[in-house]
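Please read the following points with the sequence and the model side by side. They begin with one residue and end with the whole chain.

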Amino acid sequence: MSVAPNGLALLASGLWGTSDFLGGSLSRRLRTLHVLAASQAVAAAVAVAAVVVVGTGDAGGDWPLWSVAAGVSWALAMAAFYTALAVGTMGVVAPIASAGAAVPIAVGLVAGERPGWPALAGAVAALAGVVGAAGPGRASRGGSGPAVALAVLTAVLFGVEICCLAQGSRSSVPLTLAGMRLAALACTAAALLPVRRRGRHAARVAPPGRRDLPSLLALGLLDSAATLAYALATRGGLVSLVAVLASLYPAVTVLLARGVHDERLTRVQSAGVLGVLAGVACIAVSAA
């Protein structure tokens with residue numbers, strides 16, 4: 001296995017972590033669905049433009065099915081995730097939701113992938129580090145049954161999404177990304193319709209204005225670049241390991257929150273970040 005796919009997966013992780021931080025910051029003053037719809041509109045435009053410029057490549061295969069499944073899974077996962085955050089506690093919801101990488105790992109192992117014990121140990125350490133970085137030390141202070149159930153659903157849907165993205169990318173990366181973005185945008189736009197009919201929501205939260213456009217544009221571009229990096233990584237590496245490396249984004253978000261919003265890391269979170277680094281090192285040694 002080449003080191004290049006691992007580097008692309010880590011790049012995807014960094015970009016996703018940054019986009020999650022930016023999206024979370026925007027959601028503090030904008031409605032979440034507005035943020036998601038605007039960012040996906042940008043991402044869909046970028047994906048379609050990439051198809052026009054780069055071409056479709058090998059347009060054969062069953063990429064349409066996988067791309068639509070990835071887009072719908074992503075939209076449903078985000079809906080479940082933000083609903084869980086609304087009714088539960090971040091310290092409970094985030095660690096569970098970040099465990100979605102367990103789905104492609106299980107799929108890869110069942111499919112016959114054998115990454116080796118150092119890499120598997122690194123994957124376990126990295127996943128444990130993500131849970132620690134998300135702050136499970138605060139889990140005992142909150143979290144209801146519905147929130148936990150929604151967080152588990154989020155993890156499963158995220159895992160299904162990245163599996164579908166990997167499968168579709170084997171046929172055509174540009175077309176799979178474009179199909180996924182268009183499907184996700186359609187789902188998000190459909191979810192906005194009932195919200196817009198409720199005048200109380202419109203009065204309480206204003207729609208995005210001109211000052212928000214640069215941030216929304218950056219959010220869509222970051223998400224697009226992360227998805228592209230992950231799709232390319234899956235073409236040259238083991239999905240079971242690439243998915244883990246690409247799922248380290250919560251640690252990036254935690255570090256950005258500390259640097260920008262001055263949010264302090266607990267001892268558990270600091271240990272989690274170290275666990276992530278140790279896991280990455282194990283996987284890198286195995287790939288060398």
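1. Ser224 is found in helix 10, which covers residues 213-236; helices (H or I, at least four residues) and strands (E, at least two) are DSSP runs, numbered from the N terminus. This is a predicted model, in which local features need pLDDT of at least 70 and side-chain atom pairs count only at pLDDT 80 or more, while totals for chains, interfaces and linings use all residues. Residues are numbered from 1 along each chain as its sequence is written, and side-chain values use heavy atoms, with hydrogens and water left out.

2. Is Ser224 buried or exposed? Ser224 is buried, because its relative accessible area is 12%, and buried means under 20%, exposed over 50%, and partly exposed in between (1.4 Å probe, protein chains only). Leaving aside residues up to four places away in sequence, Ser224 touches Ala43, Val46 and Arg181, where contact means heavy atoms within 4.5 Å.

3. Val54, by contrast, is found in helix 2 and is exposed, with a relative accessible area of 65%.

4. For the chain as a whole, the secondary structure comes to 13 helices and 0 strands. Buried residues make up 45% of the 288 residues in the chain. Among the contacts with a separation of 6 or more, 91% are between residues 24 or more positions apart.

5. The chain exposes about 12900 Å², of which carbon and sulfur atoms supply 69%; accessible areas come from the Shrake-Rupley method with a 1.4 Å probe, and for residues only the protein chains shown count as cover.
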